[in-house]
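Please open the model in your viewer and keep the sequence panel beside it. The stops below name what to select and then describe what is found there.

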Amino acid sequence: MSDALNDYARKRDFDATPEPGTSARRRGKKAAGHALRYCIQKHDATRLHYDFRLELEGTLKSWAVPKGPSLDPAARRLAIHVEDHPLDYADFEGHIPEGHYGAGDVIVWDRGVWIPQGDPVAGYRAGRLRFELQGEKLAGQWNLVRTQLPGKQEQWFLIKHRDAAAHPESELSITESRPDSVLSERRLVPREARTQAPRTRRKAAKPKAAALPAQLKPQLATLVDRPPAGDWHYEVKFDGYRLLARLDHGQVQLFTRNGHDWTARLPAQARALSRLPVDEAWLDGEVVVMDENGQPDFQALQNAFEMGRSEAALYYLFDLLHLNGSDLRETPLEQRREALA
């Protein structure tokens, strides 16, 4: 076990918590010069906060940001330096049981790659990191600066650089406008709301005639204490990017779950979709890159986009939302899957 992870291991009982251990094996092999990962986890512990993590020297250097990141360069967000975490923690979502360190729910609020400006190891040790984020929610230049503020743990500031990705907090709060997970589409529900009885299931409606929508948002999962009553279905969760496809008489557009047009980033997949035997459709699925063992490898997916090699990505379809003039969103899932097949 790396000495850097001693504090992480000492604070946790891995027989009781679902968090990854320090000996967890990374999937796939890292090529030289691989993209450095970052993630931000939204953590509903004693107090809701955001854990900002950067891959460096084989671990995730970590800071707890009580208010979360801000796109406003005038908003210096306190970032409390905490123990290093293993690289596998970047994919961790789940519930840490009561009575254990960090008890509460965790989701992956953002993830992507970070590009250091200068030597990142020297910058980290000097207490001044400048870097670019290429994530699903955050982008542009950022700064992490260590302060001289007193405290048991190092106090840093996370500061957005003034660039095209910056926005005044009064115009856009990124944590409020985009609160959900980018990994599983989970949503952290306030604790007091979890004890409420689940809503009665709506009666399934038949397909209804409707024009092809210009935009659609994917259905998001909500964290609850127990599964729904009755018969229910599950599907494999791929470790990739959620992607919706709009087909309109041979014209294809590909959108992320947040509405960004990625058609130009996935030309091979768009061409394949254009050959489907439909006039109009909205499809829902996940883009992944598989490793040599046939398992989704998110690092390889990020590297594929970084190097302009997106033809290696596979688009797994799991839902059909609109087909040839019919809105299928209120029809039973079984019928939508039959139509998709």
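**A hairpin, a sheet and a domain contact**

Begin by selecting A245, whose bridge partner in β12 is L254. This is a predicted model, in which local features need pLDDT of at least 70 and side-chain atom pairs count only at pLDDT 80 or more, while totals for chains, interfaces and linings use all residues. Residues are numbered from 1 along each chain as its sequence is written, and side-chain values use heavy atoms, with hydrogens and water left out.

Stay with this pair of strands and select L243, which has T256 as its bridge partner in β12. Strand β11 (residues 241-248) runs antiparallel to β12 and is joined to it by 6 bridges; strands here are DSSP runs (E, at least two residues), numbered from the N terminus, and two of them pair if DSSP finds at least two bridges between them. Between the strands of this hairpin lie 2 residues, and H249 in the hairpin takes a positive phi near 50 degrees.

Now widen the selection to the open sheet of 6 strands, whose order is β10-β15-β14-β13-β11-β12, with antiparallel pairing. Its edge strands, β10 (208-209) and β12 (251-256), each pair on one side only.

Next, colour the domains: the domain assignment gives domain 1 (3-22 + 33-193) and domain 2 (236-340), with bounds that come from an automatic or database assignment. Taken over C-alpha atoms, the centres of domain 1 and domain 2 are separated by 29 Å. Their contact (heavy atoms within 4.5 Å) takes 18 residues from domain 1 and 13 residues from domain 2. The area buried between the two domains is about 1,300 Å², of which carbon and sulfur atoms give 40%; buried area is the accessible area (1.4 Å probe) that two parts lose on being put together, summed over both.

Which residue forms a salt bridge with D239? Select R111, where the closest N and O atoms of the pair are 2.8 Å apart; a salt bridge is a side-chain nitrogen of Lys or Arg within 4 Å of a carboxyl oxygen of Asp or Glu. The count between domain 1 and domain 2 is 1 salt bridge. On the side of domain 1 that touches domain 2, strand β6 (residues 104-116) gives the most, with 4 residues.

Finally, select F157, which is found in strand β9 (residues 155-160). F157 and T147 are 10 residues apart in sequence and 7.2 Å apart in space, C-alpha to C-alpha. Not counting residues up to four places away in sequence, F157 touches several residues, among them R76, L78, V145 and L149.
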